[in-house]
Amino acid sequence: MDFKEICRRLSQLPTEGLYQNDFFLTWDKSLEELEAIDQVADAMRALREANKSCRIFDSGLGISLFRDNSTRTRFSYASACNLLGLEVQDLDEKKSQLSHGETVRETANMISFMADVIGIRDDMYIGKGHTYQKNVAAYVQEGYEDGILEQRPTLVNLQCDIDHPTQIMADTLHVMHTFGGAEALKGKKIAMTWAYSPSYGKPLSVPQGAVGLLTRYGADVSLAYPEGYDIMEDVLELGKKQAKASGGSLTVTHSMEEAFADADVVYPKSWAPFAAMEERTELYAQGDQKGIDELEQRLLANNAKFKNWTCSEEMMKKTKDGKALYLHCLPADISGVSCAEGEVDASVFDRYRVPLYKQASFKPYIIAAMIFLQKVKDPAAKLEELWQRDLPRWSK
Amino acid sequence: MDFKEICRRLSQLPTEGLYQNDFFLTWDKSLEELEAIDQVADAMRALREANKSCRIFDSGLGISLFRDNSTRTRFSYASACNLLGLEVQDLDEKKSQLSHGETVRETANMISFMADVIGIRDDMYIGKGHTYQKNVAAYVQEGYEDGILEQRPTLVNLQCDIDHPTQIMADTLHVMHTFGGAEALKGKKIAMTWAYSPSYGKPLSVPQGAVGLLTRYGADVSLAYPEGYDIMEDVLELGKKQAKASGGSLTVTHSMEEAFADADVVYPKSWAPFAAMEERTELYAQGDQKGIDELEQRLLANNAKFKNWTCSEEMMKKTKDGKALYLHCLPADISGVSCAEGEVDASVFDRYRVPLYKQASFKPYIIAAMIFLQKVKDPAAKLEELWQRDLPRWSK
Amino acid sequence: MDFKEICRRLSQLPTEGLYQNDFFLTWDKSLEELEAIDQVADAMRALREANKSCRIFDSGLGISLFRDNSTRTRFSYASACNLLGLEVQDLDEKKSQLSHGETVRETANMISFMADVIGIRDDMYIGKGHTYQKNVAAYVQEGYEDGILEQRPTLVNLQCDIDHPTQIMADTLHVMHTFGGAEALKGKKIAMTWAYSPSYGKPLSVPQGAVGLLTRYGADVSLAYPEGYDIMEDVLELGKKQAKASGGSLTVTHSMEEAFADADVVYPKSWAPFAAMEERTELYAQGDQKGIDELEQRLLANNAKFKNWTCSEEMMKKTKDGKALYLHCLPADISGVSCAEGEVDASVFDRYRVPLYKQASFKPYIIAAMIFLQKVKDPAAKLEELWQRDLPRWSK
């Protein structure tokens with residue numbers, strides 16, 4: 001889309017609610033606010049492609065806190081911060097004194113004296129990650145009001161136990177670009193399905209994020225998983241309500257075939273049963289290693305019953321013209337490549353490699369757009385200004 | 001204070017001795033030099049609050065070397081470097097080849113080809129940290145004179161076995177702001193007291209730093225600890241001499257009550273006996289793990305005799321109007337919060353949380369000011385220039 | 001040399017082949033291309049010494065991937081990136097999801113959405129490091145062509161199993177500066193010799209790099225090692241061919257004395273036999289820990305037979321006027337300092353400490369020059385522009 005057109009559209013959207021505010025869950029935001037993020041993401045890509053600097057910070061820090069290993073999200077966050085002029089400072093809990101009796105309230109303030117953004121990935125324990133992020137945000141707000149912090153750093157959820165907004169918004173923007181805009185999602189069948197993986201305990205934030213976001217665009221979302229692999233009840237209810245309001249639908253099925261049948265988009269990936277993750281969280285809290293090991297064995301054994309839940313060539317044939325858009329948040333468990341039997345056939349994965357990598361390329365821009373809208377009051381005017389400023393990012 | 005007023009005052013202070021020089025110990029510097037650091041710290045905060053960039057480096061590196069875990073000091077140093085335009089590059093001894101027979105002289109040169117500042121935290125072993133810092137400084141000076149280094153990186157002591165200058169200067173600046181300037185410290189009673197903690201072996205650099213700095217402002221410093229918990233003899237002697245010269249006093253007592261009585265400021269925190277730390281250093285040098293374990297048990301048992309050395313509500317009532325300013329370098333061992341019995345009652349800590357966090361907020365500015373004065377020849381003129389330049393830090 | 005003179009000379013050299021291209025091995029490049037890198041390295045040092053900013057990036061990322069511990073190369077790369085305006089983002093394989101079934105192709109793309117340069121050190125396993133780097137480069141090229149990546153990050157070899165170009169080019173530039181230019185190497189005798197070290201398994205990339213580069217300048221290169229400590233056959237053959245073409249020579253000898261006799265330059269350092277490294281690579285691939293341990297013992301025992309291969313004072317006396325230029329990539333195993341018996345006598349090392357550290361100081365500039373020439377189309381004009389721009393790096 002044309003840069004001028006993006007700015008024109010953006011100027012019509014309400015962005016005050018995003019300014020100086022946090023991003024926890026997509027459903028905290030209106031559809032128009034989400035569109036503003038998408039527009040800014042596209043605008044920043046256009047600026048970068050035109051070799052124009054997107055820096056709005058001369059100096060400043062983007063704090064990152066990753067409680068789980070990460071390549072993609074870590075690099076996406078670092079890229080987004082760098083694009084805007086912020087330096088990433090990692091809060092490595094092993095190198096810090098957090099074990100030394102320090103409270104979340106204290107850490108939140110101590111890292112924020114010169115912090116503009118805080119990105120947190122905390123998806124391991126059910127009922128913990130989102131709460132932790134809310135607490136950090138509340139404490140820095142309090143610190144700002146008490147005059148401890150000169151600026152109030154805003155928070156970006158880089159994945160929690162409930163939602164994975166930067167992932168699912170990048171995925172969705174990719175779908176929109178593929179089909180021709182948000183409007184094009186109306187009536188499209190999207191299959192968010194469980195798939196077999198030889199590992200266990202993969203986060204629920206992607207399927208939950210999909211249910212929480214895709215149901216808002218009038219799509220027919222089919223959520224498929226073997227019995228027992230339920231997602232969070234609240235998110236499911238929300239999805240149903242949203243689907244109804246948007247003129248779409250949300251169907252739950254226990255047949256992968258049913259979900260794939262005539263689907264326009266398929267998103268097959270492994271996740272752990274919500275109930276099992278709750279149990280694991282409890283066992284970790286009790287330090288019950290024996291219980292944890294037993295749970296793992298039980299889950300792996302249960303997973304193995306559903307090896308036929310895989311995105312095979314045969315399964316792909318059932319989709320719309322056999323050519324549904326295949327999505328994955330990566331890395332995927334590819335049969336015969338990264339494991340004996342996994343989420344997807346190697347030939348399917350290979351055929352979709354380019355669109356899959358493009359899908360991933362939206363994440364740094366989505367994160368940059370979230371931060372941009374948290375930090376800039378009149379985003380359309382600022383984008384125009386950046387375009388006119390025409391400061392080369394790379395002086396070739 | 002008014003920005004112009006700060007610059008005017010700063011222009012009257014002698015800063016040549018700070019320029020291109022290192023910062024090891026507060027008592028290496030004159031009172032006027034320390035005031036210059038305080039003034040610049042306040043000026044940089046004013047610049048930042050006015051959204052004016054403080055960058056004096058277009059590019060450059062701030063090396064950090066932490067030989068102990070750290071959140072606050074690490075983030076303070078990173079914030080200070082970023083504020084001035086330097087990128088932090090961490091010398092992680094585990095990822096380096098330091099074990100590979102490399103000498104301090106060699107490392108000091110190898111990391112300094114493009115380094116503007118080196119910040120070192122090395123507080124673990126008595127007689128080691130300060131010496132190590134001095135050696136690094138001497139080697140980069142030599143490297144500069146030999147034409148190996150194009151610029152001579154300056155050193156900032158981020159904590160050593162003797163002093164913790166960035167901490168105690170931040171603490172003191174907080175006290176000055178609370179009471180109305182350096183002059184207001186004259187005649188104030190400041191209780192630097194030991195307090196019980198269930199951990200052992202906490203560094204002596206804070207009490208020593210307090211004795212080494214606060215005695216210079218005409219305050220009545222009361223150093224209190226249970227018998228046996230002596231600090232470094234040299235620092236104590238220095239403190240006595242300085243107190244006399246400044247018209248204040250330094251009293252050693254073995255009664256917390258006595259120290260708290262009518263105190264204007266209290267700084268109760270745990271530390272290890274100097275003699276025990278010397279012993280531990282020796283045991284580590286010999287690799288005597290059994291001896292180290294026995295020493296730990298002995299120290300913990302001894303600590304436990306003094307659980308009544310705690311900053312309780314009762315103890316606070318003994319202070320001036322029951323309202324002394326409570327200080328801590330954080331994190332504190334809070335009774336019933338981070339441990340069963342610790343340095344301070346939860347209710348006392350909670351009441352002082354906002355001033356405590358403000359106290360901590362001075363540290364990044366103190367570090368930035370130290371670096372600024374090491375790097376800028378005419379600091380008053382440069383600050384005026386930064387104010388006039390009016391380059392937005394954050395382009396909102 | 002005069003800055004204008006450097007730019008004039010540079011404008012006569014062919015640099016199109018370096019632009020937007022990778023740097024794997026010195027022998028991939030023409031002598032004139034290598035001279036261009038040397039000229040730019042000198043120019044950037046001149047700019048920095050004149051306190052002129054070398055930034056050509058307003059924002060951007062320099063990815064680093066170190067598969068082995070490193071101080072010098074890590075800091076050199078970070079310094080070079082910072083000098084040009086790039087922020088280093090480390091791909092720490094322990095913190096990433098690389099074990100999680102992710103392919104090299106995927107990682108290469110995922111880290112490159114906003115990457116301008118990728119620096120890789122991967123020297124541990126024979127037949128792996130170079131191949132890995134080639135693969136990464138091929139995958140990002142493919143990603144660029146497929147429209148996944150907006151820019152194609154260029155690759156800098158920070159050491160592989162075959163060559164160590166940034167090291168050997170820095171070493172060679174140091175030799176050129178010492179003797180008065182590239183021309184002065186003609187007819188000089190350079191002894192690249194094995195030396196005893198109590199450790200085993202040191203990389204072959206330095207001696208191979210020396211053979212691959214120094215033979216191109218008309219020097220008489222004497223490669224000396226105890227029988228069995230052969231380097232890669234291909235590199236040796238290449239060296240012979242190059243020596244012949246350049247009017248120099250490459251002699252292999254199994255006598256350190258012979259190599260040192262009348263040498264102008266000596267580079268004594270330990271390395272492992274190529275065949276043993278191949279064997280080790282195989283054992284690692286099979287996960288045969290017992291075999292690895294046995295190999296280590298065997299290699300250490302074999303090394304110990306050649307303790308007399310050391311750069312002693314006596315040995316130095318055999319060189320030209322007893323004053324050959326002593327080189328080492330550091331850290332060296334210094335007899336009586338970092339080990340009982342090692343590569344070099346303490347008195348020899350001490351006498352050459354200043355030139356040795358200067359030798360090391362060329363590495364950040366060589367890396368910066370490689371990146372500069374990968375990123376700038378008309379380097380002579382850009383250097384002139386940077387000089388004229390006269391933007392202070394450090395606003396004193």
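This is a predicted model: local features need pLDDT of at least 70, side-chain atom pairs count only at pLDDT 80 or more; totals for chains, interfaces and linings use all residues.
A salt bridge is a side-chain nitrogen of Lys or Arg within 4 Å of a carboxyl oxygen of Asp or Glu.

Over all chains, a search of the whole structure turns up 62 salt bridges. Another one within chain C joins the side chains of C:Asp90 and C:Arg74, at 3.5 Å from N to O. C:Asp90 is partly exposed, with 23% relative accessibility, whereas C:Arg74 has a relative accessible area of 13%; that is under 20%, so C:Arg74 counts as buried.

B:Asp350 is partly exposed, at a relative accessible area of 45%, while B:Arg353 is buried, at 12%.

Next come the places where chains meet. Between chain C and chain B, 43 residues of chain C are in contact with 41 residues of chain B. The size of an interface is often given as the accessible area lost when the parts come together. For chain C and chain B, the buried area is about 3800 Å², and carbon and sulfur atoms give 52% of that. On the chain C side, C:Phe75, C:Tyr357 and C:Trp394 lose the most area to chain B, together making up 20% of what that side buries.

Side chains of opposite charge can pair when their charged atoms come close. Between chain C and chain B the count is four salt bridges, and C:Arg72 and B:Glu106 meet in a salt bridge through their side chains, at 3.4 Å from N to O. There are also 18 residue pairs in polar contact between chain C and chain B, with both residues at pLDDT 80 or more. As for where the chain C side comes from, helix H2 (31-49), helix H3 (72-84), strand E2 (87-90) and helix H14 (353-375) of chain C each supply at least two of the residues that touch chain B. H14(C) gives the most, with eight residues. By class, the side of chain C that touches chain B divides into 18 nonpolar, nine polar and 16 charged residues.

Chain A meets chain C as well. Here 43 residues of chain A are in contact with 41 residues of chain C, and the area buried between chain A and chain C is about 3800 Å², of which carbon and sulfur atoms give 51%. A:Phe75, A:Tyr357 and A:Trp394 supply 19% of the area that chain A buries against chain C, more than any other three residues. Four salt bridges are found across the interface of chain A and chain C. In one salt bridge, the side chains of A:Arg393 and C:Asp116 meet at 2.8 Å from N to O. A network of salt bridges links A:Arg45, A:Arg48 and C:Glu150. Polar contacts between chain A and chain C come to 18 residue pairs, both residues being at pLDDT 80 or more.

Strand E1 (residues 61-66) of chain A pairs with E3(A) in the parallel sense over six bridges, and A:Gly62 stands opposite A:Val117 in E3(A). E3(A) also pairs with strand E4 (residues 154-160) of chain A, again in the parallel sense, over five bridges. In E4(A), A:Leu155 is the bridge partner of A:Ile118.

Terms used
Residues are numbered from 1 along each chain as its sequence is written. Chains are lettered from A and ligands numbered from 1 in the order in which they are written. Side-chain values use heavy atoms; hydrogens and water are left out. Contact means heavy atoms within 4.5 Å. Buried area is the accessible area (1.4 Å probe) that two parts lose on being put together, summed over both. A polar contact is a pair of N or O atoms within 3.5 Å; within protein, one must be able to donate a hydrogen and the other to accept it, and residues adjacent in sequence count only if both atoms are side-chain atoms. Helices (H or I, at least four residues) and strands (E, at least two) are DSSP runs, numbered from the N terminus. Ala, Val, Leu, Ile, Met, Phe, Trp, Tyr, Cys and Pro count as nonpolar, Asp, Glu, Lys and Arg as charged, and the others, Gly among them, as polar. Buried means under 20% relative accessible area, exposed over 50%, partly exposed in between (1.4 Å probe, protein chains only). Two strands pair if DSSP finds at least two bridges between them.
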